[in-house]
Amino acid sequence: MRRKFYGLLEGKKGVIFGPLDEHSIAWHIALAVYAEGGRFVISNAPVTQRFGKVEELARLCGDAPVVYADATSDEDVKRVFEVAREHFGGVDFIVHSIGMSLNIRKGRPYEALNYDWYVKTLDISAISLHRIIHHALPVLNDGASIVALTYIGAQRIFSRYSDMCDAKALLESIARNFGARLGKRGIRVNTVSQSPTRTTAGSGIEGFDAMFEFAHRLAPLGNATAEDCADYVVTLLSDLTRKVTMQNLYHDGGFSTMGMSEELMALFERALQAEAAEKAEKAG
């Protein structure tokens with residue numbers, strides 16, 4: 001359990017969507033928020049009751065209320081905020097950490113997507129943010145903060161990230177649109193573009209280890225961990241960032257600004273030399 005740091009979220013109440021187990025970013029966000037004084041409802045899909053550790057997390061966070069809900073269901077999402085109203089009255093923050101692609105899980109290439117699965121990817125991973133904010137509005141306090149987790153695949157092509165690139169682009173657009181409309185109430189909506197992180201979902205992407213290592217070697221500060229991300233999200237939920245909204249904030253050790261590093265260039269040159277030597281050997 002984290003120690004308490006600064007009490008940045010004392011008195012704040014909210015909802016955290018997406019914690020599964022200790023390998024999920026939302027799990028670490030929940031622990032960090034709790035350590036900073038925040039209290040919240042935890043929500044994840046009903047299927048996670050079979051293989052997740054949501055109840056364990058709830059105990060670690062002061063017996064936080066748990067509502068199993070399908071984020072693509074209006075009725076389920078409404079119920080989450082009804083529970084939040086019963087426990088807390090109003091909501092000061094929301095964390096959206098939800099994403100899933102059957103096309104990636106089943107190995108379908110982008111140019112041959114299953115369109116039913118594609119629609120499901122967009123609904124679960126992006127439209128769910130719209131649905132969550134929509135149903136939160138009756139209980140959302142003025143000055144609240146909403147943070148959704150995204151990835152640089154929304155701006156750049158990572159081929160094996162496939163239709164999740166599209167989903168994250170839509171997610172970021174929804175955040176901006178709501179941020180513009182809710183600003184008059186002092187409500188902020190931002191996305192955090194996190195480094196490749198060894199989560200249950202991330203590890204299901206083919207070639208993830210290579211993508212993780214590439215980002216880690218290119219980023220001047222190395223990849224940000226789930227714990228690092230949790231600390232950053234705490235600042236966005238706090239009053240310290242009350243004038244930050246409609247932003248996609250890169251939390252990736254500097255990866256998003258780099259072109260090439262000397263270390264990666266040296267690795268590439270050695271690989272080319274090895275390839276040339278192999279070809280010469282075969283030719284000779």
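The largest cavity has a volume of about 60 Å³, a volume being the space filled by probe spheres set on grid points joined across faces, edges and corners. A cavity is a set of points on a 1 Å grid over the protein atoms alone where a 1.4 Å probe fits but cannot get out, and lining residues have an atom within 4 Å of a point. The model is predicted, with local features requiring pLDDT of at least 70 and side-chain atom pairs pLDDT 80 or more, while totals for chains, interfaces and linings use all residues. Residues are numbered from 1 along each chain as its sequence is written, and side-chain values use heavy atoms, without hydrogens and water.

Among the residues lining the largest cavity are Tyr151, Ala215 and Phe255. Tyr151 also belongs to an aromatic cluster with Phe158 and Tyr161.

Five aromatic pairs are counted, where rings of Phe, Tyr and Trp (its six-membered ring) pair if their centres lie within 6.5 Å; planes under 30 degrees apart are stacked, over 60 edge-to-face, and the rest tilted. Two of these pairs are tabulated.

| Pair | Centre distance | Plane angle | Class |
|---|---|---|---|
| Tyr115 and Tyr118 | 6.3 Å | 55° | tilted |
| Phe214 and Phe255 | 6.0 Å | 80° | edge-to-face |

Phe255 is buried, with a relative accessible area of 5%, whereas Phe214 is partly exposed at 36%; buried means under 20%, exposed over 50% and partly exposed in between (1.4 Å probe, protein chains only). Tyr115 is exposed at 59%, and Tyr118 is buried at 19%.

No disulfides are counted, a disulfide being a pair of cysteine sulfur atoms within 2.5 Å. The sulfur of Cys165 is 18 Å from the closest cysteine sulfur, in Cys229, and therefore too far for a bond.

Methods: On a 1 Å grid over the protein atoms alone, a cavity is a set of points where a 1.4 Å probe fits but cannot get out, and a pocket is an open set with protein on both sides within 12 Å along at least five of seven lines; lining residues have an atom within 4 Å of a point.
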